[in-house]
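Here's a quick tour of a fold, written for someone who likes to know the cut-offs. Have a look at the structure first.

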Amino acid sequence: MTPTLVFDIETIPDVAGIRRVYALPATLGDADVLDWALQQRRAAAGNDFLPLHLQRVVAIACALREAQTFRVWSLGESADPEPELIRRFFDGIDRYAPQLVSWNGGGFDLPVLHHRSLIHGVTAPRYWDWGDDDRDYRFNNYLSRFHTRHLDLMDVLASFQSRACAGLDAMARLCGFPGKLGFDGSEVHAAHQAGRIDDIRRYCETDVLNTHLLYLRFQQMRGILSAGQYATEVSLVREKIAVSNEPHWREFLAAWDAAAT
């Protein structure tokens with residue numbers, strides 16, 4: 001069984017990076033630097049979303065299915081710096097060579113990780129293999145959009161048409177899963193400023209689990225999982241989080257049960 005690794009990242013604006021790129025004076029406070037960058041972005045693009053290379057990773061959550069085990073967790077510790085989180089992610093790919101699954105990972109998560117890895121000098125030989133080391137990767141690697149070693153579920157379901165893309169929250173709820181809990185991505189920066197890094201990590205984990213459940217439904221739709229196998233996989237997920245005392249998993253199960261009624 002090829003391990004399946006579902007992942008999601010959370011980011012905040014890289015204020016130090018903005019200072020460096022635009023040579024802003026040291027006398028300018030962080031809040032003023034960010035306000036200046038957002039004003040520039042609004043003028044150029046009409047929105048507040050900064051370019052991907054100016055997004056700093058503060059959390060990476062994963063759901064790993066291998067052999068008879070399943071687990072969901074956030075990489076590293078809440079106090080770990082960005083390079084350590086990214087290193088752990090790519091070390092996992094080097095170790096497991098998994099089927100990688102995401103929701104909009106091709107459009108956001110992976111490009112962010114590419115840029116930030118380059119900035120911090122994080123190595124990831126397995127991930128960046130186009131077939132030079134392993135011939136199988138020449139025909140199916142993590143980097144080519146239409147290859148399946150990384151499956152961006154949002155992109156695939158939309159037939160690679162941006163106008164057909166659906167959000168994770170909406171699709172999870174439509175399929176009877178809890179959807180997003182607590183807050184959404186637009187609130188991550190404010191939560192981080194308030195010192196709520198553990199809440200961000202928990203939120204990221206619930207996004208990962210919603211994505212994993214949608215991937216199971218996708219595998220059933222493809223005929224890879226029979227109805228019985230799908231039910232077994234879903235039961236495994238429920239059993240895993242049911243034994244946890246973490247409040248976000250209790251909330252997740254309650255929302256899941258409510259969606260089923």
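What follows covers the sheet, the helices on it and the nonpolar cores.

## Ground rules

This is a predicted model, where local features need pLDDT of at least 70, side-chain atom pairs count only at pLDDT 80 or more, and totals for chains, interfaces and linings use all residues. Residues are numbered from 1 along each chain as its sequence is written, and side-chain values use heavy atoms, with hydrogens and water left out.

## The sheet

Pairing takes at least two DSSP bridges between two strands.

E1 (residues 4-13) and E4 (residues 99-102) run parallel, joined by three bridges. Val6 has Val101 in E4 as its bridge partner.

## Helices on the sheet

Helices are DSSP H or I runs of at least four residues, and contact means heavy atoms within 4.5 Å.

## Nonpolar core

A nonpolar core joins buried (under 20% relative accessible area, 1.4 Å probe, protein chains only) Ala, Val, Leu, Ile, Met, Phe, Trp, Tyr and Cys residues through side-chain atoms within 4.5 Å. The largest has 32 residues, and Leu214 and Trp256 are among those touching the most other members. H9 (197-222) is one of the elements that supply at least two residues; its eight are the largest share.

Technical notes: Buried means under 20% relative accessible area, exposed over 50%, partly exposed in between (1.4 Å probe, protein chains only).
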